[in-house]
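Grab the viewer and try each task before reading its solution.

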Amino acid sequence: MPPTPDRYLVISSDCHAGLPNAEYREWLDPGHRETFDAYLVERTRTVELAQRGMLNTAFAEEWEAENAEGLRGGWDAARRDKELDADGVVGEVIFPDADAVTAGASAPFGAGLASAGDTDPALLMAGARAHNRWLAELCATSPERRAGVAIVPIFDVDAAVAEITRARESGLRGGILIPSMWQPYPPYHDHRYEPVWAACAELGMPVHVHSGSADKAAYGPHVGMYTTEVRWWSSRPLWFLIWAGTFDRHPGLRFVVTECGAFWAPDLLWTMDTVYDREHGSRKLGDQLTAHLARRPSEVFDAQCAIGASNTRRRELARRYEIGIGNIMWGNDFPHPEGTWPHTREWLRGAFHDIPIDETRVMLGGNTAAMYGFDVDALATLAGRVGPTPADLGQTGDDLDKWRDLEAAGRPWLTGTEAVPLPVGP
């Protein structure tokens with residue numbers, strides 16, 4: 001049966017889950033548990049020092065007090081479903097690290113969102129396996145509703161391929177999360193990673209990068225520097241793989257940049273396309289420029305890439321034709337405070353009130369369902385009960401047609417048509 005036509009089938013491309021830190025111990029291989037005990041002690045001290053003066057403690061206390069029950073949904077399946085239902089969300093793609101305030105529910109040994117190549121790869125993989133084992137059990141409580149993303153640090157390629165295979169067999173169908181930063185290992189265009197891309201293509205496991213890692217050692221106390229460039233570090237692997245021809249070699253590979261916004265995509269695609277097409281600024285460059293790329297970068301992006309656009313903003317929706325409507329996957333970022341939970345319905349109304357209904361359906365759930373293989377028929381009954389309606393989003397006026405000129409212009413560097421952007425809010 002198809003999704004209920006008068007309600008949206010909403011699937012969040014960006015949710016988070018994780019155990020309270022100490023509870024990961026039983027999910028670790030026994031040989032790593034003693035090391036984990038020492039890690040917890042040191043980690044607590046390090047986090048406290050790092051947050052001194054950096055954390056808004058008043059906000060953290062208020063957030064915890066107001067949402068204590070809902071935050072248990074970070075690891076409690078029944079509570080999780082209750083929170084998703086209230087948000088109108090019927091399906092979710094699940095990343096690690098449930099606690100984005102005090103880091104109290106994070107994967108062992110720093111294997112979660114902020115993982116990087118400067119940690120012992122054996123410990124990273126041990127922490128990743130522990131989280132993946134637990135996540136598979138969480139997803140098994142409602143497999144049609146949850147697509148779990150396995151953490152897979154890929155610096156030890158053989159171990160990574162083995163974990164990708166094991167994770168998929170355990171039921172984690174959401175793909176893999178790789179570290180955004182690879183230093184001191186070779187960058188991701190290096191041939192050594194080919195078995196990883198091949199395994200993910202063969203098993204239908206999208207590869208993800210997610211905001212979190214950045215060059216934190218360079219920032220000192222200036223957290224604004226981190227907020228300004230963390231998306232750059234997190235999305236950087238995308239253009240490494242595009243220009244290296246990775247997607248041409250692996251046509252079944254899918255790649256997703258999550259929780260980095262979507263505002264940067266049009267200018268990135270414009271820049272890469274015009275270089276590829278050898279406009280004036282790149283005519284001087286030799287054959288090596290395009291030697292590894294058989295298609296225009298935007299064509300590669302449209303065919304094999306997507307953006308997990310958490311808390312999609314008005315300015316991004318105003319540029320959706322340049323980004324590509326088929327590339328935008330909305331997310332509520334549950335249970336992180338920078339997301340839309342627990343007020344998703346209000347956020348959706350504020351963002352989508354004048355967006356055409358057919359486009360809204362695609363961005364709120366259709367793209368995510370296609371990327372991760374959600375069974376929309378299996379979710380239809382739940383969507384019919386909890387999903388928001390176009391009226392709930394305020395999509396009842398005559399302003400839904402105001403976007404026609406922008407739609408016709410599409411990507412102006414390809415169509416040759418410029419349209420005056422519409423004024424939008426934040």
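**Exercise 1. List the buried residues of helix 10 and check the length of helix 10.**

Start with burial, where buried means under 20% relative accessible area, exposed over 50%, and partly exposed in between (1.4 Å probe, protein chains only). On that scale, helix 10 has these buried residues: Ala 265, Pro 266, Leu 268, Leu 269, Met 272, Asp 273, Thr 274 and Tyr 276. Their cover includes helix 8 (223–243), helix 11 (297–304), strand 8 (305–310), helix 13 (320–323) and helix 18 (412–415), where contact means heavy atoms within 4.5 Å.

Before going on, a word on the source: this is a predicted model, where local features need pLDDT of at least 70 and side-chain atom pairs count only at pLDDT 80 or more, while totals for chains, interfaces and linings use all residues. Residues are numbered from 1 along each chain as its sequence is written, and side-chain values use heavy atoms, with hydrogens and water left out.

Helices (H or I, at least four residues) and strands (E, at least two) are DSSP runs, numbered from the N terminus. Now the length: the expected span is 1.5 Å times one less than the number of residues. For the twelve residues of helix 10 (residues 265–276) that gives 16 Å, and the end C-alpha atoms are 16 Å apart, so the two agree. Just past helix 10, look for Arg 278, with a positive phi of about 60°.

**Exercise 2. Work out the strand order of the open sheet and find its edge strands.**

Two strands pair if DSSP finds at least two bridges between them. The edges are strand 4 (150–151) and strand 9 (328–331), each pairing on one side only. For a look inside the sheet, take strand 6 (residues 207–210) and strand 7 (residues 255–258), which are joined by four bridges. Val 209 has Val 257 of strand 7 as its bridge partner.

**Exercise 3. Decide how the rings of Phe 59 and Trp 63 are arranged.**

Rings of Phe, Tyr and Trp (its six-membered ring) pair if their centres lie within 6.5 Å; planes under 30 degrees apart count as stacked, over 60 as edge-to-face and the rest as tilted. The count comes to 17 aromatic pairs. For Phe 59 and Trp 63, the centres are 6.2 Å apart and the planes are at 15°, so this pair is stacked. The two residues sit in helix 2 (residues 57–66), four residues apart, about one turn of the helix. Phe 59 is partly exposed at 37%, while Trp 63 is buried at 10%.
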